[in-house]
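Student: Please take me through the labels used on this model and the numbers behind them. I would like each term set against its cut-off.

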Amino acid sequence: MGKHKPRTWPDVDEPLPASVIDNHTHLPLGDWEIPKAEGARLSLPEQLQRADAVGVTRMISSYCEVPDWGPGLELAAMYPQVRVSLGLHPNDAPLHAGHADPSPDGMVPSARPWHQENTLEEALETLDSYLNNPLVVAVGETGLDYYRTAEPGREAQKQAFRAQIAMAKAHDLPMQIHDRDAHQDCIDVLLQDGAPRHTVFHCFSGDAQMAEILAQNGWYASFAGPITYPSNLELRKAFAAMPPHLVLLETDAPYLTPAPWRGCPNASYVSTHTVRMFAQLWDCGLETACNRITENTEGVYGTWGV
């Protein structure tokens, strides 16, 4: 057997020729949330410094559980390059509704105190109360996840999804969608309820045919590290099917680290590798790709920070 690759924090890449925005990450709210690599953690200030050094100068951090919404806003108030997206995750919605059935992937969901202390309706009301804060630039991630939620909890997912669609439209905010093994149902709900003015499929995982549906409706596809994996030919075909003006960049850190650092912890500064793949697939210069990413992202979320 080959030697196991050490799980290190990725090296800092060469700086990009122009700045870009990571439109979906999960910045840690405490040291305990930062992954360990070879026994060490990379502090949030160091992560942000590395991001700035390589040209990832702004980011949107997503917080999707009740206890994280307030602290997420406090973090954004500390760092001018950070804005937040707040939502109720589709895997949390069933727990607020009392559904903790074993999921199709074999996991048994574990309800936390905040799931038991807040009904689904109460959690959604609390979320809505945060959305007037100017540091909030999107609703989400919300959507449907049939990989981690069994059949009894899926109606609660749809209820929460529909409620957040209504919130995004009421507050005129973009919406970030989590869609896992639920492509058609996500599309159907959006078409039935009417999508918000700007709708983003975070960490897009569909095929070229689904990409064409997004394009027809003016919805955005956000691509993360998996687009760099050699085996993901179908995802690169989906990228090619998207009009360039509807493509966004994300990390989904600390997950989905791009090649050549797959398996290591992720952070916004590592997205330079994903940007280089974008440029390759668009057959354009790296600076052109950076400028296109920034223009697209500001068109959805506006401008802020540095």
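**Labels and their cut-offs**

Tutor: Let's begin with a charged pair: Arg197 and Asp172 form a salt bridge, with their closest N and O atoms 3.2 Å apart. The pair links distant parts of the chain, 25 residues apart: Arg197 is in the loop between H7 and strand S6 (199-201), and Asp172 is in the loop between H6 and strand S5 (175-180). Helices (H or I, at least four residues) and strands (E, at least two) are DSSP runs, numbered from the N terminus. This is a predicted model, where local features need pLDDT of at least 70 and side-chain atom pairs count only at pLDDT 80 or more, while totals for chains, interfaces and linings use all residues. Residues are numbered from 1 along each chain as its sequence is written, and side-chain values use heavy atoms, leaving out hydrogens and water.

Student: Why is the pair Arg197 and Asp172 called a salt bridge?

Tutor: The term asks for a side-chain nitrogen of Lys or Arg within 4 Å of a carboxyl oxygen of Asp or Glu. At 3.2 Å, Arg197 and Asp172 meet that limit, so the name applies.

Student: What makes Arg197 exposed but Asp172 partly exposed?

Tutor: Buried means under 20% relative accessible area, exposed means over 50%, and partly exposed is in between (1.4 Å probe, protein chains only). Arg197 has 59%, so it is exposed; Asp172 has 47%, so it is partly exposed.

Student: How many salt bridges are found in the whole structure?

Tutor: The search finds 8. One of them joins the side chains of Arg58 and Glu298, at 2.7 Å from N to O. Arg58 lies in strand S2 (residues 56-63) and Glu298 in helix H11 (residues 286-301), so this pair ties together parts that are 240 residues apart in sequence.

Student: Which is Arg58, buried or exposed?

Tutor: Its relative accessibility is 6%, so Arg58 counts as buried. Glu298, at 27%, counts as partly exposed.

Student: Why is Phe278 called buried?

Tutor: Phe278, found in helix H10 (residues 272-282), has 0% relative accessibility, so it counts as buried. Leaving aside neighbours within four places in sequence, Phe278 is in contact (heavy atoms within 4.5 Å) with residues including Phe223, Phe239, Leu248 and Ile293.

Student: What makes Asp181 exposed?

Tutor: Its relative accessibility is 52%, so Asp181 counts as exposed. Asp181 lies in the loop between S5 and H7.
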